[in-house]
Amino acid sequence: MIQKLKGKRILILEDEFVVAISLEAVLVDEGAIPIGPAANCSEALTLLDAHTVDAAVIDVNLGGELSTSVAERLRLASIPFVVTTGYGENNTVSAMGGHAVLDKPYLPEVLIDTLAGILAGASTA
């Protein structure tokens, strides 16, 4: 089995525990090194300060807190990221400027392919 994310450090920002743990398992299965999961922006920003990150998966709405501050930090650091949302693409999601948007629920294969795609794009930029 080819691991599309082997050795890549992926930040997870997701407030729903079951979703976060499932995402972490999917990333590990693909050879990635999960950073987190973080359940809120403060935790995610702390992880970004402490770790080198190749990409990120960030949920838009964290129990009422929008993850725009994390998206901005990732953008400023030129770290590619996927925005996940259960609300469909809207102005908030568009303003976050993620490299890709995935509507929840999403298939693990779609997430992996999306992450692999944005990482490949980042390495050629």
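Helices (H or I, at least four residues) and strands (E, at least two) are DSSP runs, numbered from the N terminus. The model shown is predicted: local features need pLDDT of at least 70, side-chain atom pairs count only at pLDDT 80 or more, and totals for chains, interfaces and linings use all residues. Residues are numbered from 1 along each chain as its sequence is written, and side-chain values use heavy atoms, with hydrogens and water left out.

View 1. From the N terminus, the elements run β-α-β-α-β-β-β-α-β-α-β-α. The protein has 125 residues, and 40% of them are buried (under 20% relative accessible area; exposed is over 50%, partly exposed in between; 1.4 Å probe, protein chains only). Take contacts, meaning heavy atoms within 4.5 Å, between residues at least 6 apart in sequence: 64% join residues at least 24 apart.

**View 2. Helix α2 (residues 41-50) packs on helix α3 (residues 68-76).** The axes lie 9 Å apart, at an angle of about 20°. Therefore α2 is roughly parallel to α3 (angles under 35 degrees; over 145 is roughly antiparallel, 65 to 115 roughly perpendicular, the rest oblique). Axes are lines fitted to C-alpha atoms, for helices over the stretch in contact, and angles run from 0 to 180 degrees between N-to-C directions. From α2, the contact uses C41, A44, L45, L48 and D49. From α3, it uses S69, V70, R73 and L74. By class, six residues in this contact are nonpolar, one is polar and two are charged. Ala, Val, Leu, Ile, Met, Phe, Trp, Tyr, Cys and Pro count as nonpolar, Asp, Glu, Lys and Arg as charged, and the others, Gly among them, as polar.

**View 3. A cis peptide bond joins G36 and P37.** Its omega is about 15°. P37 sits in strand β2 (residues 33-38).

**View 4. The peptide bond from K104 to P105 is cis.** Here omega is near -10°. P105 lies in the loop between β7 (100-103) and α5 (108-124).

**View 5. S78 has a positive phi, near 55°.** S78 is a residue other than glycine. Most residues other than glycine have a negative phi, and most peptide bonds are trans. S78 belongs to the loop between α3 and β6 (81-85). S78 counts as exposed because its relative accessibility is 62%.
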